[in-house]
Amino acid sequence: MAANFATPSGPDRTGRTVLRTLEQDEWDNWYDNLIRAFGGVPEAPEERALWRDITQFDRSIGVWDGASCVGTTSAFRFRLTVPGGASVPVAGVTMVSVAGTHRRRGLLTSMMRRQLDDVRAWGEPLAVLTASEPAIYGRFGYAAGTFSLGAEIDTARVGLSVPPGTDDVSLRYADHADVLDACEAVYARLVPERPGMLAREPHWERLGVLDPESERGGASPLQCVVAERGGEVTGYARYRVRPGWEPSGHNGTVLLSELAGADQATEAALWRFLFGLDLTATVVVRSRPVDDAWQHQVTDIRRCQPRLRDSLYVRVVDVGAALEARTYQAPVDVVFDVEDAFCPWNTGRWRLSGDAKGATCARTTDPADLALTERELGAAYLGGVGLASLAAAGRVRELRQGALAEAAVAFGSAVAPWLPHGF
Ligand SMILES: CC(=O)SCCNC(=O)CCNC(=O)[C@H](O)C(C)(C)COP(=O)(O)OP(=O)(O)OC[C@H]1O[C@@H](n2cnc3c(N)ncnc32)[C@H](O)[C@@H]1OP(=O)(O)O
């Protein structure tokens, strides 16, 4: 049973709930609904304060049953790096919740409807999110477009060989606050180089150094090491250490939070440092690019237990603008026949002509070469999921022989797309 909000403030079909843009003085009530939907464990004050500061009220929606908030969502204004290096305005969908007392009545559907209409009106060609459960968002046109690499590296037994120049990099411990600007400068250098990265928006630099005691799970406070060459900060690592002792000796764990290097040697120096920390035997890595170089520098990848996880979900909101915003690593000239049930303005045939310099994508009446839905376009958009792989899964139909290979190569990315942090 789906609620049908004809107007932004219209009631659902039970006649009891109202959907509207969030007001500043409603935030606590609104945010409490979100926290409760995620289990109800309160956040540390500094964490809650950060989420309050980064909430964009005019881009946030609440559903109200009388004075009670029963539904939440918001959409950060982000700029996302796409293949070719352009920084594209996107909606970062976030803080989605429906009260347990009101679940499965269509409230999420009504919020997604309003939100995607808004994103279109804002002129943002893409919406992106990270999903608490992969099963939720496909019906609204989102598909996993990036994956992240996790690992549990047995550093007692796995060696690391580093590239030339690594010894020229020096490392020092630092207070987070003292080196925050220098670390941010490194981050900013990396953003245009990898699809999926997000340009830093005000306050977001606080996220990487948030260190509530409740998040430590017996490990140390977040530590910071910066890498320097010639007096310039070229990288940093943030991590915790969880000490451990077995009858046979030490068994500590390094829990990597973030690692960034402006060049190969800096990255290698930081990994070598983490691998070699005294009294530790494991490095746990949660969310790294799937093409991270250290995988090719270790002596035993099996003892690193690499694993993939879905990361950024991509929703093409405006097919023409989205496909024109990126470039293509090989020349491509194909007509897509797009079916988009939730955003029908995308449905129809689109001719994409492009190469590594730029692209055009416009409606056409020409015969179609490839048939797909908005979800396959979203999955393939950042170059992390292959169109040929989607075709093999029965999700892309090739209508002109050769069109699939042409498009599949063109959509690829030399560098794996990666989302640097959740939101
Ligand atoms: C980007 C982010 O913020 S991710 C965070 C998402 N939030 C959470 O996980 C918090 C806990 N969960 C919730 O708050 C809610 O259960 C929500 C938001 C996931 C779903 O809200 P609801 O209002 O119950 O969803 P709604 O009634 O609109 O469901 C629409 C459809 O999606 C399906 N659906 C909803 N949630 C789920 C789910 N978790 N898994 C699978 N299907 C789901 C429904 O069954 C329904 O299917 P139908 O149209 O075939 O009947």
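Guide: Strand β18 (residues 348-354) pairs with β19 in the antiparallel sense over 5 bridges. This is a predicted model, in which local features need pLDDT of at least 70, side-chain atom pairs count only at pLDDT 80 or more, and totals for chains, interfaces and linings use all residues. Residues are numbered from 1 along each chain as its sequence is written. Strands (E, at least two residues) and helices (H or I, at least four) are DSSP runs, numbered from the N terminus, and two strands pair if DSSP finds at least two bridges between them. Within this pair, leucine 352 stands opposite cysteine 361 of β19.

Both strands belong to an open sheet of 5 strands with mixed pairing, in the order β19-β18-β17-β20-β21. Its edges are β19 (359-363) and β21 (397-398), each of which pairs on one side only. In general, strands of a sheet pair through backbone hydrogen bonds, either parallel or antiparallel.

Helix α7 (residues 374-381) packs on the sheet, where α7 touches β17 (332-339) and β20 (370-373). Contact here means that the C-beta atoms of two residues, placed from the backbone, lie within 7 Å. The direction of α7 makes about 95° with that of β20; axes are lines fitted to C-alpha atoms, for helices over the stretch in contact, and angles run from 0 to 180 degrees between N-to-C directions. Helix α9 (residues 403-411) lies across β17, β20 and β21, and α9 runs at about 100° to β17.
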